[in-house]
Amino acid sequence: MSSSVELGQLETNLVPDPVEYAVILPPGYDSKGSPLPLCLVLHGGGTNRERLVEYQPVFDALWGDGSLPPVVLTSASIHPEGFYVDMREGPQWETLVAEEFPAHIRDSYNVRSDPAGTVVTGVSMGGHGALKLAFRHPERYAAVAAMEPGIEPGFRRDELRQRNLFYRDPHPDEFLFGQPVDSGLWEANNPANLARDNADAIRDSGLRIYMEVGDEDELNLHDGTE
């Protein structure tokens, strides 16, 4: 028995167009049985919900050998350079993925709504977004896993070197944070700042944190991750 993929659209006022999403249901998924944990999978830059669909054989292998317990995985397509940011005058990508989208999935599928049954993960831009969601509201998640997250080694943008900004300076930072870049808005979306400012809440929540990156990442994402 293998998993199944379902595709859908979410109508929302938070962004201009309907949001396309994908869901992977594990083998034996039962809409009437015990609710399963929910894993939000945030895609990386330049990709969309199809990235999750491409990983289906990997998850089937993990379910097949018992490495992965039954869990419902889902991914919503956001702007390919959106970085899961609530823009000052524009789409509210973070709010969508943190609130409206998981609420829709919980209404549509037999998944848990409690923090102990909710995890968030992502790669690159998605890792950046996953850390933001978890560090801003650690009480909502049991764990966060960020692979090669698109984060920088500093609390302020003017602390960073070109080796850490070349792939997003001036675009998409000017697209997301204004021209010139609004440093306050940039800092409010910096996972390092959120971790520092919410340190006590993160510790008290029991949130489990996993971060992974290669030591020769082509975008130098190992600087910020380390």
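Me: Which residues does aspartate 223 touch, not counting residues up to four places away in sequence?

Reply: The model is a predicted one. Aspartate 223 lies in helix H10, which covers residues 221–225. Leaving aside residues up to four places away in sequence, the residues that aspartate 223 touches are Pro153, Arg161, Arg163 and Asn164.

Me: With which side chain does the side chain of aspartate 223 make a polar contact?

Reply: A polar contact requires a pair of N or O atoms within 3.5 Å. For the side chain of aspartate 223, such a contact is found at 2.7 Å, and the partner is the side chain of arginine 163.

Me: Is aspartate 223 buried or exposed?

Reply: Buried means under 20% relative accessible area. Because its relative accessibility is 17%, aspartate 223 counts as buried.

Me: Where is tyrosine 141 placed, and is the residue buried or exposed?

Reply: Tyrosine 141 belongs to the loop between helix H4 (125–136) and strand S6 (143–147). Its contacts, not counting residues up to four places away in sequence, include Leu40, Pro115, Leu133 and Leu207. Since its relative accessibility is 5%, tyrosine 141 counts as buried.

Me: How many Å apart in space are tyrosine 141 and leucine 219, C-alpha to C-alpha?

Reply: In sequence, tyrosine 141 and leucine 219 are 78 residues apart. From C-alpha to C-alpha, their separation in space is 28 Å.

Me: Which residues form a nonpolar patch on the surface with leucine 62?

Reply: Leucine 62 is part of helix H2 (residues 56–64). With a relative accessibility of 31%, leucine 62 counts as partly exposed. The patch has about 290 Å² of accessible area together, and leucine 62 forms it with Tyr55, Val58 and Val123.

Terms used
Residues are numbered from 1 along each chain as its sequence is written. This is a predicted model: local features need pLDDT of at least 70, side-chain atom pairs count only at pLDDT 80 or more; totals for chains, interfaces and linings use all residues. Side-chain values use heavy atoms; hydrogens and water are left out. Patches are made of residues with over 30% relative accessible area and no salt bridge: like charges are joined within 9 Å, nonpolar side chains (Val, Leu, Ile, Met, Phe, Trp, Tyr) within 5 Å. Accessible areas come from the Shrake-Rupley method with a 1.4 Å probe; for residues, only the protein chains shown count as cover. A salt bridge is a side-chain nitrogen of Lys or Arg within 4 Å of a carboxyl oxygen of Asp or Glu. Helices (H or I, at least four residues) and strands (E, at least two) are DSSP runs, numbered from the N terminus. Buried means under 20% relative accessible area, exposed over 50%, partly exposed in between (1.4 Å probe, protein chains only). A polar contact is a pair of N or O atoms within 3.5 Å; within protein, one must be able to donate a hydrogen and the other to accept it, and residues adjacent in sequence count only if both atoms are side-chain atoms. Contact means heavy atoms within 4.5 Å.
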